[in-house]
Amino acid sequence: MLRGDGRLSHDCDPRDHAPKDACGVFGVWASGEEVSTLTYYGLYALQHRGQESAGIAASDGSRILVYKDMGLVAQVFDESVLGTLRGHIAIGHCRYSTTGSSVWENAQPTLSSTDAGGLALAHNGNLINTAELAKRLPPGAIRATTDTEVLTALLAAGEGRSVEDAAVDLLPQVKGAYSLVFMDERTLYAARDPQGIRPLVLGRLESGWAVASETAALDIVGAAIVREIEPGELIIIDERGVRTRRFAPADPKGCLFEYVYLARPDTTISGRSVHATRVEVGRRLAREHPVEADLVIPTPESGTPAAIGYAQESGIPYGQGLVKNSYVGRTFIQPSQTIRQRGIRLKLNPLREVIEGKRLIVVDDSIVRGNTQRAIVRMLREAGAAEVHVRISSPPVTWPCFYGIDFATRAELIAGSLSVEEICASLGADSLGYISLDGLISATTLPVDRLCRACFDGSYPIPVDGATVGKFLLEDVQEAAL
Ligand code: SF4
């Protein structure tokens, strides 16, 4: 499946299961604005974070309406649908499933009723104590099979308390990654887990406020970036403005993979541009893994910033050696097993006159199973490359993520079982070099203890009980109850 921004080269081969984000969230409180249209634009900017379903909830102060469906943001919404979602508060969500199947019932925002009215909620991240939380609900209390549905039901069951007080009570008991936007008829809320694993930022509109997974979504709706929502912080936005409550001490452990490629390059995290970080990773990659060559080329678009950095640092010219067809979308008919190696050319085609006779350095952001890189190496050799040296701007991914990124399983990850030398041989490359974990961390300019890096080194910042996590956890529980 191709990402909305067409970045992931792994998607060139359907056998390569690229890492998937756990969703994008957006919220807006603004009087006199078309809030559902602003939310639509915000979700459009966040499409790369989830492409399975999209939804928007809006309130005019008296009732909440939700519209959601399977598909991309532009497929789910049109002007007539947006025209029905009126009011001054809206939240939106685009989903990739990390807990629960990819079905309509699991699309977000969720909607539940409280003593005082309605509650709609959208979630980016993945909880790790869903099973324990679900036990607090009476049988049949939820229809969907997501951690988000459990969270919504518990929040709505606040018996006589305001949504704000219920959130301050409940959120310290929720473990894992959650960047939330939620709303009742009159108030917009945003909250981030104490580790702040997934991003969440606050922006200022002329007539109100916006909250988004990434700063790029604020840019697109014309909101000025105010600040990141703090880990362990709940923000409350209504006609009186913005208030803040702390529900847990901050213990920041931001996801290192956001820098590698989850976030858009035009997003900033902790005040630093993601693009600048990726270029710096490329520079460090050149210092860590130098090689004599004639040309540095990226695997478009995922490897571009790091390839620029590699070229800058090494002094080797940068060029475009592969052309990507950006219009091969998710409806693309996948080639059969026998023609896959050729089928990749539907998405990537070498520029023979650029690469013929050259010693090439090919820069990409990660290797999942290696199928795509193997096909690219072969394609470049067939087009006349004299040498092909592969450079990767992330360390080998060898551990699963429990906080909202769906990697291939460990057995499927090529680095889970092969050494760098063996992977190089498997790709058919002349050499292979990954950025070191220290090099990647240094490029972010953040101290190591403020980052989650578990998928690279196995040190999980929130302890995980492997027996009680899993994408189909709640489906398994429901089936067992039948
Ligand atoms: S395990 Fe990896 S992908 Fe998951 S939150 Fe940590 S750094 Fe990010």
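**Close-up views of a predicted model**

At 3% relative accessibility, C23 counts as buried, where buried means under 20% relative accessible area, exposed means over 50% and partly exposed lies in between (1.4 Å probe, protein chains only). This is a predicted model, in which local features need pLDDT of at least 70 and side-chain atom pairs count only at pLDDT 80 or more, while totals for chains, interfaces and linings use all residues. Residues are numbered from 1 along each chain as its sequence is written, and side-chain values use heavy atoms, with hydrogens and water left out.

View A. C23 lies in the segment before strand 1 (24-30); helices (H or I, at least four residues) and strands (E, at least two) are DSSP runs, numbered from the N terminus. Leaving aside residues up to four places away in sequence, C23 touches R49, H93, C94, R95, Y96, H123, N124 and S213, with contact meaning heavy atoms within 4.5 Å.

View B. Rings of Phe, Tyr and Trp (its six-membered ring) pair if their centres lie within 6.5 Å; planes under 30 degrees apart count as stacked, over 60 as edge-to-face and the rest as tilted. By this rule the count comes to nine aromatic pairs. One of them joins Y40 and F77 edge-to-face, at 6.5 Å centre to centre with 80° between the planes. This pair links distant parts of the chain, 37 residues apart: Y40 is in helix 1 (residues 35-45), and F77 is in the loop between helix 2 (73-76) and helix 3 (79-84). Y40 and F77 are both buried. Look around them and you will find one aromatic cluster, formed by Y40, Y41, Y44, Y67 and F77.

**View C. An edge-to-face pair of tyrosines.** Y403 and Y460 form an edge-to-face aromatic pair, 6.3 Å centre to centre and with 75° between the planes. Here too the pair links distant parts of the chain, 57 residues apart. Y403 is in the loop between strand 21 (387-392) and helix 14 (414-417), whereas Y460 is in the loop between helix 17 (454-457) and helix 18 (473-481). With a relative accessible area of 1%, Y403 is buried, while Y460 counts as partly exposed at 22% relative accessibility.

**View D. An arginine over a tryptophan.** The charged end of R204 sits over the ring of W209, 4.1 Å from the ring centre. A charge sits over a ring if NZ of Lys or CZ of Arg is within 6 Å of the ring centre and within 35 degrees of the ring normal.

**View E. The largest nonpolar core.** A nonpolar core is a set of buried Ala, Val, Leu, Ile, Met, Phe, Trp, Tyr and Cys residues joined through side-chain atoms within 4.5 Å. The largest one has 43 residues, and those with the most contacts inside it are L256, F257, V296, V363 and F456. Among the elements that give two or more residues to this core are helix 8 (256-262), helix 9 (274-288) and strand 20 (359-364). Helix 8 gives the most, with six residues. Domain 1 (10-253) and domain 2 (273-446) each supply at least three residues to this core; the domain bounds come from an automatic or database domain assignment. Beyond four places in sequence, the residues that V363 touches include L285, V296, I297, P298 and Y310. Apart from this core lies another, of 29 residues, among them L121, L151, A167 and V174.

**View F. Helix 6 and its neighbours.** Helix 6 (residues 163-170) is mostly covered, with six of its eight residues buried. These are V163, E164, A166, A167, V168 and L170. The buried residues pack against several elements, including strand 6 (118-124), helix 5 (147-156) and strand 12 (233-238).

**View G. Backbone details.** A cis peptide bond joins Q108 and P109, with omega about 5°, and P109 lies in the loop between strand 4 (89-95) and strand 5 (110-113). The peptide bond from P300 to E301 is also cis, with omega near -15°. Turn next to S270, a residue other than glycine whose phi is positive, near 50°; S270 is partly exposed, with a relative accessible area of 40%. T445 is not a glycine either, yet its phi is about 65°, and T445 is exposed at a relative accessible area of 55%.
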